[in-house]
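This report describes the fold, the nonpolar cores and the charged pairs of one protein. Please read it beside the sequence and the model.

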Amino acid sequence: MRLSLSEPIDINTQDPVMEKKSNSKKIVPIKKVKMIPRDISWLAFNARVLQEAADNTVPLHERIRFLGIFSNNLDEFFRVRVATLKRMLLVGKSTRMHMEENPDEILDEIQSMVIDQQREFDRIWEGIEDELKAQKIFIRTEKHLNKDQQKFVLNYFNEEVRTNIIPLMIESIQHFPFLRDKSIYLAVVLARQDNSVRQKFALIEIPTSILPRFIILPSKEGEEDIILLEDVIRYCLPHIFSYFGFDKFTAHIIKVTRDAELDIDNDISTSLIHQIEKGLKDRRKGKPVRFVYDKDIDPLLLEYLMRRLGLSSKDNLIPGARIHNFKDFMDFPTSVFKERTHSQRKSFIHPLFANASSVMHVIQLQDVMLHFPYHSFDTIIDLLREAAIDPNVTSIKITAYRLARNSKIVNALVNAVRNGKQVTVALELRARFNEADNLEWKTRLEDEGVKVLIGIPGLKIHAKLCVIKKRIGTKTVQCGFVSTGNLNEKTARVYGDHCLLTANRNIMADINRIFAYLENSKHDIKMLEACHTLPVSPYSMRSFFVRQVEKEIKNARHKKGGSMIIKMNSLSDPEMINLLYEAAKEGVDVKMIIRGICCAYTDNKKWKKDITAVSIVDEYLEHARVFVFGKEGQEKVYIASCDWMLRNLDYRVEVAIPITDPGIQQELKDILAIQLSGNVKARILDNDQKNEYKRDSGKKIRSQVEIFKYLHEKQYNS
C-alpha cells in the first residue's frame, strides 16, 4: 500500500518462473511449497487498510482518506492481478505461472472476499456519513438542495460542466462506445411519466480529470454542504435532454476496470520506448476485468450494459452503493473540518546536518542514516544541489524509479549539467503506472544534456543508488547513498524508508561497478561479480540471503542460538519461504514485520519455534526493507531495495547494503524493537490471515509515534 495521495500502489506482481539455461519462454513450476495464495494475502492486506477507516480513534478526514486508499488499491489489484489470473485461464493448464496452479479457484475466492469487503466498506461509509452530519458536514444529493443551492448548481453546471460532457445515446450507436478505465459514468434511463414513449438509455462520462469531484455549496452558518460532481449532472439532466421531450430521469454510476498489464515483446527491431508507448495505448483498451454498478440500477439497463460490454456473471460483477471511484475521496476537501491534522509530528532535519554548511563534508567524515518520513528529505535535495554547484564535483550518477511530479531531484540534476557536470540517470521506463511520466522525464533530461539509461531487457532497475565524484587536486573523493525508497520528495513525507549516506570506498566502488553494468550495452551479469560489498540482484542477492538464513539454521542445530529479524513489504518467494520453514523447524527465532503480502504460514505443530509476524498499517506507509541476522551482540544488519519475491531476487536490479557503523546498527535495531513491541497498530499475521490486532496488557505502544520520539530526542556526536 502507498499512502501517498498521488502515487500508485505497488501490488507486488511477479515475473513468471522462466527456464534459465535455455532461450525457451516456457513457464515452468517451482518445487511446491505450502503457502498462502498471494492474491488472497494481498486482499487480507487491503482489509487492514479498511480497518484503519473503521478505527474511531483515527481522525475523521483520515478515515475518509483510508477509504480512498482502499478503493485505489482494489482498482489496481483488478487491473493487474485479476487481469493476470484471467490471462492464465485463457492460456490453459499446460502453462503455469508461479504459485497460481488454480487461477479459477483463486478468482472465485477473490470474488467472494471482494463482495464481503464491499459490504464492510459500505457499512463504514454509512457510519462516517453519520459522523460528518454530527460535525455539521453534509453531502447533499440533487434531491436535497435548497433554492440558493439549486441556483448555484445550475450556474456551476452551465459555466463549468456543460462543455465538458458529451451524452451518448448508446442504443443508437452501432459499436458500443469504449468505456475508459479509471473513469465513472452516469448510466441514465430517459422516460416519460405517462409512459407515452419507449424509454431510452444514455451514458455520460463524469469529467473528474478536468473538474473537482467535490463542490462546496453555499451553506448555512455553522454548516458545510458538499455535492459530488455526478450529482450536479444528475440535477441538470432535464436541461441536458430537454429537446427529447422526456420528463422522468433515473441515473446510476457504473465503472469498468480494465487489464492494465503492458505487453512488452522481445522484438529487438522495435525500441523499448516505442513498445512502451504502444503498450500505454493498448492499456487504455484492455479487456474488462471488473464491472461495478449501483445495486439500485434499473435491471433492464444493467442487462443491456452487460450484453453490450460482453460481460457474464463470471466477470467480477460488483454491486455497490451510490458512490463509486472512491479513490477520489483521498482528496476530500479538508477545509470543511475543524480538526485537520492527524498529528503534530513533522519531518525534521537530521541533527548532524541541521547546522552543517556542507552535506558532503559531513558524509566524508561519517556515515549517516536518514529515516523517512521522520527525517526531512530536504537533505537529499541539498546534497544534489550542493553537488550541482560545487566546482570540484565532476560527475553524478543516480537511479530513478518513481519521481515526484515537480521533481526537485530533476531540477538539481539539470542544474548540475548546466554547471558542467557529467550527469547519468538510470531511469526505469517500466515502473508500473509511471511509464508515461518517465517517458516525459527522459525527454526533458536528455534535452538538458543528461545521459539517460532506460533499462535492461528482462530486468527492471529498482535499486536506489547515487554516487558523486569530486576532484580535489590530484585526488578523487566520492560520496553518495543507498536507499530503500524512491527518490521522491512527495512520498518521502509518508513512506517509512531508510537511506544511508556514505563515503565508504568499498561501497562507492561497488556502486560504480553497478553503473558500469547498467551503461554497458551487453549488460553481462558477470560484470556484477566484481561487487564485493553490496549483494546485487539478479547476480548474488538470492544466494546471499540463502546463506544468511542457512547460517542461522546451522547455529540453531548446534545450540548456538539462531536468530533473524526480517522487515519487508512482501514475502512470496517459495525458496525463501521454504528456508524460513526450515529455520522454524530447527528452532531459529524468526521475527517478521511484513506490511503487505505474506504467503508464509507462521505456525506449525512440527516446528520447534513458530514464526512471529506482524503487519503495521498506520499514518505512514511502512516501506523499508531491513534484515538482521545473528544473536544479540553479534548481529549483521542490512537494508535493501528488495523484498523476498521472485521478481526482486531474480528479475530486477536490486541492492542490499551492510550497515557497519555500530551507532547506525543500534539505531536500526532500536527501531525494529519498537515496531515489534507495538500493540496499537500492529496486526498479527497468522495462518488464517484474520488481521487480529496485537494486544497485550502492557503500555500502549504506537510504533510510529514512538519512533518519532526516539529519533527526535536522539543525541549524536559529530
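What percentage of the contacts in the protein with a separation of 6 or more is accounted for by residues 24 or more positions apart? The share is 75%, where contact means heavy atoms within 4.5 Å.

The model is predicted: local features need pLDDT of at least 70 and side-chain atom pairs count only at pLDDT 80 or more, while totals for chains, interfaces and linings use all residues. Residues are numbered from 1 along each chain as its sequence is written, and side-chain values use heavy atoms, with hydrogens and water left out.

**Overall architecture**

The protein has 19 helices and 25 strands; these are DSSP runs numbered from the N terminus, with helices (H or I) of at least four residues and strands (E) of at least two. Of its 718 residues, 60% are buried. Buried means under 20% relative accessible area, exposed means over 50%, and partly exposed lies in between, with a 1.4 Å probe and protein chains only. The accessible surface is about 31200 Å², and carbon and sulfur atoms contribute 48% of that area, as computed by the Shrake-Rupley method with a 1.4 Å probe.

**Nonpolar cores**

A nonpolar core is a set of buried Ala, Val, Leu, Ile, Met, Phe, Trp, Tyr and Cys residues joined through side-chain atoms within 4.5 Å. The largest one holds 86 residues, of which Ile110, Phe545, Leu571, Met592 and Trp644 touch the most other members. Helix α2 (residues 60-91) supplies the largest share of this core, 13 residues. Beyond its neighbours within four places in sequence, Ile110 contacts Asp39, Ile40, Leu43, Phe77, Phe78, Val82 and Leu85. Another core, of 46 residues, lies apart from the largest one and includes Ile363, Ile396, Ala400 and Val452.

**Salt bridges**

The whole structure contains 44 salt bridges, each defined as a side-chain nitrogen of Lys or Arg within 4 Å of a carboxyl oxygen of Asp or Glu. Three of them are listed here.

| Pair | Closest N to O distance |
|---|---|
| Asp116 and Arg119 | 2.9 Å |
| Glu635 and Lys669 | 3.1 Å |

Asp116 and Arg119 both belong to helix α3 (residues 103-134), 3 residues apart, or about one turn of the helix. Asp116 is partly exposed at 43% relative accessible area, and Arg119 is exposed at 53%.

Glu519 is partly exposed at 27% relative accessibility, whereas Lys397 is buried at 18%.

In the pair of Glu635 and Lys669, Glu635 sits in the loop between β22 (625-629) and β23 (636-640) and Lys669 in helix α18 (residues 662-677), so the pair ties together parts that are 34 residues apart in sequence. Glu635 is buried at 14% relative accessibility, and Lys669 is buried at 18%. Elsewhere, salt bridges that share partners join Glu52, Asp55, Lys681 and Arg683 into one network.

**A buried glutamate without a salt bridge**

Glu489 lies in the loop between β15 (475-483) and β16 (495-502). Glu489 is buried yet has no salt bridge, and the nearest side chain of opposite charge, Lys408, is 5.9 Å away. In this count Lys and Arg are positive and Asp and Glu negative, with His and the chain ends not counted. The backbone nitrogen of Lys408, however, lies 2.6 Å from a polar atom of the Glu489 side chain. Not counting residues up to four places away in sequence, Glu489 touches Phe377, Ile381, Ala404, Asn406, Ser407, Lys408 and Ile409.

Terms used:
A polar contact is a pair of N or O atoms within 3.5 Å; within protein, one must be able to donate a hydrogen and the other to accept it, and residues adjacent in sequence count only if both atoms are side-chain atoms.
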